[in-house]
Amino acid sequence: MEEEVVAIFVPIVMFIAIAVVMCVYYYMRHRTGEAVQKTVQTAIEQGQELTPEILERLGQAPKRKPADLKLADLRRGVILISVGVGIAVFGALVGEDHATRPLLAIGTLPFLIGVAYLGLWKFGKSGKSG
């Protein structure tokens, strides 16, 4: 009986957690947009001149340096490979047949995405336009 309840609630809790994270992300983006609008409104009320460049900077994150862009795929790749290997090792250390295979399978997803990022870093044109 208890295993059936766990089998039902674990996926439900997982999807609820994903939904909560997404809601928090979009709420924070909304609050950032409101803060930008309030800043623009205050500047207009004070009679300050707003150029298109200033308005563009208010709505965007600061630009990354080309060196950071070049290494971004490498960093993502190494992190995702590490996460994938960590999940797989955890699955192997659990030692129970019903837990090992799913964790190994789950670990392959970030591992392979990390390998793809390393390929993009090695063979792609990161940080270069054209």
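The model is predicted. The protein has four helices and zero strands, and its elements run α-α-α-α along the sequence.

**Overall architecture**
- Of the 130 residues in the protein, 13% are buried.
- Among contacts with a separation of 6 or more, 56% join residues 24 or more positions apart.
- The accessible surface of the protein is about 10900 Å², and carbon and sulfur atoms contribute 67% of that surface.

**Aromatic pair**
- The count of aromatic pairs is one.
- The ring centres of Y25 and Y26 are 5.1 Å apart and the planes meet at 70 degrees, so this pair is edge-to-face.
- The distance falls within the 6.5 Å limit for a pair, and the angle is over the 60 degrees required for edge-to-face.
- Y25 is partly exposed, with a relative accessible area of 47%.
- Y26 is also partly exposed, at 47% relative accessibility.
- Both values lie between the 20% and 50% cut-offs, which is why neither tyrosine counts as buried or as exposed.

**T100 and its surroundings**
- T100 belongs to helix α4, which covers residues 97-123.
- T100 has a relative accessibility of 15% and counts as buried, because the cut-off is under 20%.
- With neighbours within four places in sequence left aside, T100 is in contact with G91, A92 and G95.

Technical notes: Residues numbered from 1 in each chain as written. Predicted model: local features only at pLDDT ≥ 70, side-chain atom pairs only at ≥ 80, totals over all residues. Heavy atoms only, no water. Phe/Tyr/Trp six-rings, centres within 6.5 Å; stacked < 30°, edge-to-face > 60°. Buried < 20%, exposed > 50% of the residue type's maximum accessible area, 1.4 Å probe, protein only. Helix = DSSP H or I, 4+ residues; strand = E, 2+ residues; numbered from the N terminus. Contact = heavy atoms within 4.5 Å. Areas by Shrake-Rupley, 256 points an atom, 1.4 Å probe, with all protein chains shown as cover.
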